[in-house]
Amino acid sequence: MSKKNTRTKFITKDILRSSVKGAFWKLSPKYMMKNPVMFVVEIGFFITVFLTIAPGIFGGDSNRIYNGLVALILFITVLFANFAESVAEGRGKAQADSLKKTKKDTKAHLLMKNGEEKEINASELKKGDIVIVRINEVIPNDGEVIEGVASVDESAITGESAPVTREAGGDFSSVTGGTTVVSDWLKIRITSEPGKSFLDKMIALVEGASRQKTPNEIALNTLLVGLTIIFLIVAVTLYCFADYSGVAIPVATMIALLVCLIPTTIGGLLSAIGIAGMDRVTRFNVIAMSGKAVEACGDVDTMILDKTGTITYGNRLAADFIPVKGKSKEDLVDYSVMTSLCDGTPEGKSVVELGNAEGTRIVPEAASQMQFIEFTAQTKMSGVDLKDGTEIRKGAYDAIKNYVVDNGGEVPKDLEGIITKISGLGGTPLVVCVDNVIYGVIYLKDTVKPGLVERFERLREIGIKTIMCTGDNPLTAATIAKEAGVDGFIAECKPEDKIKEIKKEQSEGKIVAMTGDGTNDAPALAQADVGLAMNSGTSAAKEAANMVDLDSDPTKILEVVEIGKQLLITRGSLTTFSVANDVAKYFAIIPAMFTMVLPQMNILNIMNLQTPSSAILSALIFNAIIIPCLIPIAMKGVKYKPMRSEKMLLKNMGIYGAGGIIVPFIGIKIIDMIVAPLLGIIGL
Amino acid sequence: MLQIVVTLAIYMALVIPVGIYMYHIAAKKKTFADPVFNRVDNGIYKLCRINREGMNWKQYALHLLMTNAVMVFAGYLILRLQGLLFLNPNGIEGMESTLSFNTIISFMTNTNLQHYSGESGLSYLSQTLVIIFMMFTSAASGYAACMAFSRGFAGGRKDVGNFYEDMIRITTRILIPVSIIGGLLLIWQGVPENFIPNLTIETIEGKFQDLAMGPVAALEIIKHLGTNGGGFFGANSTTPFENPTILSDMIELYSMMLLPGACVITFGKMIHAKKQKEKNKNATMAVAKKAVFGSQGRTIFAAMAVLFLVGLTICFVSESAGNPILEQAGLNQDMGSMEGKEVRFGIAQSALFTTTTTSFTTGTVNNMHDTLTPLGGMVPLLHMMLNCVFGGKGVGLMNMIMYVILAVFLCGLMIGRTPEYLGKKIEGREMKLAALVLIVHPLLILGFSALAVVTSAGLEGITNPGFHGLTQVLYEYSSSAANNGSGFEGLADNTYFWNITAGLAMFFGRYIAIVAQLAIAGSMLAKRKMNETIGTLRTDNTIFVLILVFVVYIFAALTFFPALALGPIAEHLTLWMS
């Protein structure tokens with residue numbers, strides 16, 4: 001699994017440079033219009049610039065320096081917001097660039113109808129064309145293997161250095177453009193149009209080019225626009241009320257008030273949060289086809305997980321040694337270990353491991369004294385021959401039984417019982433014999449991946465139900481389900497059972513997530529609200545899913561769900577923080593506006609800010625610098641630990657709601673202490 | 001203090017059974033009075049040829065608007081022509097056109113803002129056929145909208161109900177019977193009910209005085225029961241003829257508090273019943289859990305109650321504190337600020353009535369709000385700006401749900417889920433409509449107030465200079481936009497400018513909100529119901545009550561604080577700190 005990207009610093013020199021440039025590029029009003037909150041700030045900036053050039057433009061005389069300072073701070077506010085977005089995009093771009101490198105203009109060997117080969121550019125390939133790719137050539141586009149077997153290096157896309165086998169037919173027939181054939185040759189039917197390959201899509205996605213606003217972003221944006229309109233009404237009408245009360249408020253101050261009140265913090269960070277959320281998923285080597293899919297992850301109620309590969313390793317590992325009557329366990333352990341010393345299969349390794357744990361007397365060096373007999377489909381057993389001619393074997397019950405009987409031995413009476421019991425539990429029995437004497441049975445079973453039990457426990461705590469799908473019989477399934485701690489299971493599961501289960505859950509209003517790789521999984525992946533396909537899977541599965549895991553690790557769905565939740569929490573927390581900030585800003589600005597005429601109003605100046613202009617500018621400066629201060633949170637997301645919804649709500653409300661009220665009081669006061677003397681020097 | 005506590009305790013005892021009864025009416029469940037009312041209603045349905053099919057939200061809103069429009073035109077004609085019509089023993093002239101416009105909008109929108117004085121401006125025919133009639137129908141319209149809204153949120157059906165059925169059922173089953181009983185009680189307390197001309201009486205000082213007469217009791221009871229608030233006389237419930245004793249005061253108080261609170265209970269019970277039905281469908285054993293409130297309704301009721309009690313406390317404390325300037329002038333303020341209050345009610349009942357009339361958006365007054373202390377007067381002003389502290393019949397609940405949507409949106413995100421309320425996702429469309437409702441209210445209040453203080457036509461109406469004048473203006477438009485109708489008074493408001501602007505504020509304040517809210521209900525109804533797990537945001541616990549209260553205060557404070565700072569707060573500071 002590639003972790004190379006997950007631990008990079010969140011901002012590099014390159015990203016910084018391009019982001020600063022991006023911050024200026026995005027100042028274009030045409031671009032700013034897309035973000036109404038920041039657009040209002042930009043308009044405020046233009047007006048204050050006018051006021052700096054011509055202070056008397058709205059009648060009365062206003063202070064040119066003051067207007068200039070307001071204009072400057074507004075300009076910086078907009079820049080900060082643009083910068084935040086650029087940083088988020090920059091991180092995606094950096095990844096896209098490395099992908100683009102793989103997308104060199106390759107040559108393809110097109111196989112014509114008459115059987116002739118023709119070399120053309122990969123970009124000229126059309127869907128349905130058949131190409132031939134030989135060793136050390138790059139696969140020109142996504143396709144399906146129709147002939148041949150070859151090792152393919154997919155590290156360009158997955159970061160996984162070990163080559164994988166691709167062959168015609170079955171679940172391993174799909175190949176991705178940009179990957180390299182490292183052995184033999186493949187005949188491939190191209191399945192995607194030029195420019196629409198998986199690699200192209202990935203580049204577009206991580207670049208953010210094909211980013212569409214998600215439904216939740218749209219709703220939140222509506223709320224922000226609504227707030228902006230309300231505060232616009234507040235500011236304009238306050239101007240009239242102040243005028244009626246005999247207070248002439250400078251236009252620049254009104255703009256300062258407006259900008260402080262509208263939710264610039266979240267307005268400036270909203271798109272950055274969305275891009276960063278997608279990016280976090282990408283860094284996890286999961287490609288999300290849309291932001292909507294990541295968001296839906298946060299709402300998942302039910303997860304449908306395949307047993308093999310997701311919950312268990314899929315390999316059967318030794319779990320116990322059961323001697324037959326009259327044989328000691330020690331002997332059984334020793335002989336079992338001996339048969340497996342040279343056995344490189346996972347089963348064999350696990351027998352040695354378990355034997356060591358049981359305290360076997362056999363040392364690994366003993367292997368040199370033996371001759372290893374490999375497992376074959378004919379013999380159905382493996383083992384060793386010792387120098388003294390002793391033959392030790394382990395293998396399937398029938399094979400060993402025949403072997404022992406053929407050599408004149410007897411089958412112990414209790415063996416059958418042990419075998420039935422193990423099979424009943426879903427395990428695989430391996431019988432061990434020395435020459436014609438049966439010593440006992442190695443109990444092999446499917447092992448649940450470590451840490452999963454706790455993880456399912458955590459999921460249950462946040463209300464996510466897990467359902468395990470397996471082709472095993474109900475008894476076996478129940479054993480594993482109990483061991484893993486999943487909430488339900490479907491035994492003897494056929495692909496259509498998965499769809500049925502998904503539909504059933506959905507009819508109860510649940511959001512369902514599932515992982516899958518085979519072609520048969522494609523309809524279920526499409527039916528599920530969140531479908532995570534494995535990159536090793538067929539292209540049909542990848543088409544149907546809304547996420548693809550490049551590392552083909554199905555357990556990742558758990559993390560993706562957490563990232564989805566984290567994205568939503570970040571959005572909600574920063575919105576709450578932004579709105580809560582306004583309370584302190586009122587206490588800074590309102591007294592500053594009116595104390596000149598109504599000295600008693602100074603009682604509202606609870607921060608004891610020094611001068612009215614320092615109070616207003618301090619609030620405005622706070623409003624600007626809080627944006628870059630929060631960029632790290634926007635990029636990384638707020639900390640997320642699964643916990644009960646009430647507890648989480650209280651915690652986040654405490655940090656971002658109460659914190660949002662308190663922090664600006666402190667921040668504005670500190671800024672005022674710095675700014676007031678400086679303003680005194682320039683005579684404000 | 002004690003009398004306030006006792007009064008509110010009795011209210012709780014009254015509102016619960018009424019809420020349950022109202023739920024039975026809305027959900028067409030059996031009630032004890034069905035044998036009588038079913039016949040009456042069926043007669044009306046037959047007579048009016050009412051199609052009793054369920055309507056979608058658009059049809060419902062359209063029928064509501066059209067019915068209201070017909071009543072507006074008929075009422076307008078009567079007001080204009082009252083001088084020529086019968087039942088006019090005092091020979092009152094037809095009403096001026098902008099005043100008629102203002103009055104008719106005022107009563108149709110359940111506002112009851114009065115730019116006229118009843119005793120000199122309306123004939124008995126207008127009082128009964130326009131004023132009392134509209135007090136019934138506007139209340140029933142608000143109630144009907146609220147029931148359709150609640151059905152949309154409760155879900156589990158295709159339509160939001162039938163407007164005419166809702167309107168008729170509430171009128172025949174609650175408004176008319178309670179009005180008859182309450183009216184008789186008021187007559188017993190001494191409120192006049194007759195059609196005789198005004199009496200001219202020689203007082204003991206040998207001077208002559210006119211005593212206004214008319215069908216006062218009939219108007220008085222529906223005025224409160226329907227959260228209308230428009231008095232028969234200009235002085236409203238301060239006059240002994242409208243509100244003679246402390247008992248009549250209590251009757252009026254309870255009748256205005258009853259139905260808005262009951263609407264919340266009805267809402268809660270509807271949601272509860274739907275949930276119960278779903279549970280029973282899944283469970284093999286049908287266990288009907290009885291609930292007084294329904295947990296969702298209880299949260300909203302509790303949040304409203306907290307807001308109400310906070311306001312009441314501020315009002316009571318600042319009225320009890322009296323006026324420091326009068327104290328300096330040698331006037332004892334131990335009784336509190338009694339200026340503009342009736343001695344028979346005192347500070348406690350005046351503060352309670354003031355807070356109630358503006359929270360429940362009735363608009364009736366038993367003391368003059370213009371003479372409240374600055375902070376005491378800020379409470380009624382603020383509660384109209386919030387417009388969701390119980391609020392008018394039905395609409396208060398609907399407004400509160402807008403804040404609930406807002407709270408749910410923020411809280412839902414903060415626990416890592418896309419926001420949902422009652423199992424339905426809150427998405428762009430709902431947010432757009434909720435934002436519209438939340439924008440319209442401050443736009444009307446602040447926008448028109450700003451217009452008034454920058455135009456000479458507006459400035460002419462302000463009779464008090466300075467901060468108090470601004471408070472007067474804000475109060476007028478808050479009262480209009482919130483469809484409250486109480487007057488701060490002291491504003492010379494029977495002019496073209498004030499009649500028209502206040503009329504528009506009332507009109508938009510009522511109908512934009514109702515239509516948008518019905519649209520939200522319609523879109524919630526159409527949504528797929530989400531599953532509820534322990535990961536779902538809970539909206540029926542104490543935490544949510546507190547968050548909801550905070551959201552209401554923060555949003556209202558952010559919107560109205562600058563205006564309030566220049567009005568009542570500035571006035572308070574000048575009063576106490578100079």
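These legends describe close-up views of a predicted model. Residues are numbered from 1 along each chain as its sequence is written, with chains lettered from A and ligands numbered from 1 in the order in which they are written. Local features need pLDDT of at least 70, side-chain atom pairs count only at pLDDT 80 or more, totals for chains, interfaces and linings use all residues, and side-chain values use heavy atoms, leaving out hydrogens and water.

**View 1. Helices H14 and H15 of chain B.** H14(B) spans residues 395-414 and H15(B) residues 428-454; helices are DSSP runs of H or I with at least four residues, numbered from the N terminus. Their axes lie 10 Å apart at an angle of about 125°, where axes are lines fitted to C-alpha atoms over the stretch in contact, and angles run from 0 to 180 degrees between N-to-C directions. H14(B) is therefore oblique to H15(B), oblique being what is left after under 35 degrees (roughly parallel), over 145 (roughly antiparallel) and 65 to 115 (roughly perpendicular).

**View 2. Contact between chain B and chain A.** Chain B contributes 64 residues and chain A 63 residues, contact meaning heavy atoms within 4.5 Å. The buried area is about 5300 Å², with 77% from carbon and sulfur atoms; this is the accessible area (1.4 Å probe) that two parts lose on being put together, summed over both. Met414(B), Ile534(B) and Leu558(B) supply 14% of the area that chain B buries against chain A, more than any other three residues.

**View 3. Salt bridge of Asp299(A) and Lys425(B).** The two side chains meet at 3.4 Å, N to O. A salt bridge is a side-chain nitrogen of Lys or Arg within 4 Å of a carboxyl oxygen of Asp or Glu. Between chain B and chain A the count is three salt bridges.

Terms used:
Helix = DSSP H or I, 4+ residues; strand = E, 2+ residues; numbered from the N terminus.
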